Amino acid sequence: AGGQAAKPPAAGETKEPPKKAASAGRPARKGPPRVDITVRLQEGKQYFVHRITFEGNTTTRDSVVRREMRLYEGGVFNTEALKLSVKRINQLGYFKNLEGGKDDLQVEKAPGTDNQVDVKLKVEEQNRNQITFGAGVSQYEGFFGQIAFQTANFMGRGETFNVSLQAGSLMQLFQVGFTEPFLFDRNITGGINVYKRRLEYL
């Protein structure tokens with residue numbers, strides 16, 4: 001009694017459904033819809049490095065190449081560490097560039113093991129020796145000739161050695177230099193340069 005009955009919609013009208021009120025204490029979310037994504041991963045078998053060998057380094061010693069490796073025997077095999085090792089060896093300049101293909105890099109399962117691999121790198125030496133000579137004339141040195149020799153891989157140890165001689169009518173210069181890139185088997189560079197010079201004044 002006293003109430004009013006709901007008026008039925010007229011023909012051709014649609015009645016909008018009632019809007020739901022926002023949850024208590026939670027404001028209505030604005031912007032594009034968001035979803036939660038869950039990714040499930042399952043790790044495969046972990047492999048370890050059994051042996052690392054080098055082939056083709058007829059001049060350069062194994063220790064010079066091995067110290068550039070970021071993979072270690074007995075350690076976990078890691079493809080990114082292997083790529084970094086190849087990059088560091090290429091930066092030495094002692095060998096022709098390794099491309100990382102099957103021709104110069106092999107990773108094979110070690111015989112008689114379940115989760116170990118052998119890594120073999122095939123390198124090709126290239127010449128790192130340089131000889132220069134020349135002659136000239138100078139107001140202060142007179143007529144002179146010079147000859148110099150330099151190697152960036154002295155005796156296959158990765159050391160730099162250079163010797164030069166310049167002789168003329170007024171000046172003589174003899175110079176010897178030596179650089180060790182891994183002093184005391186650490187990544188410390190040390191070097192020495194010795195020279196003797198004689199100049200005659202007119």
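Student: What share of the contacts with a separation of 6 or more is between residues 24 or more positions apart?
Tutor: In the protein, 43% of them. A contact means heavy atoms within 4.5 Å. This is a predicted model: local features need pLDDT of at least 70, side-chain atom pairs count only at pLDDT 80 or more, and totals for chains, interfaces and linings use all residues. Residues are numbered from 1 along each chain as its sequence is written, and side-chain values use heavy atoms, leaving out hydrogens and water.
Student: How many helices and strands?
Tutor: The protein has 2 helices and 8 strands. These are DSSP runs (helices H or I, at least four residues; strands E, at least two), numbered from the N terminus. Along the sequence the pattern reads β-α-α-β-β-β-β-β-β-β.
Student: How much is buried?
Tutor: 22% of the 202 residues. Buried means under 20% relative accessible area, exposed over 50%, partly exposed in between (1.4 Å probe, protein chains only).
Student: Which residues touch the most others in the largest nonpolar core?
Tutor: Ile52, Met69, Leu71, Ile89, Val119 and Leu121, out of 19 residues. Such a core is a set of buried Ala, Val, Leu, Ile, Met, Phe, Trp, Tyr and Cys residues joined through side-chain atoms within 4.5 Å.
Student: Which helix gives the most to this core?
Tutor: Helix 2, with 5 residues.
Student: And what does isoleucine 89 touch?
Tutor: Leaving out residues up to four places away in sequence, its partners are Val65, Glu68, Met69, Phe95, Leu98 and Leu121.
Student: New topic. Where is leucine 165?
Tutor: In strand 6, residues 159–168. Leucine 165 counts as partly exposed because its relative accessibility is 42%.
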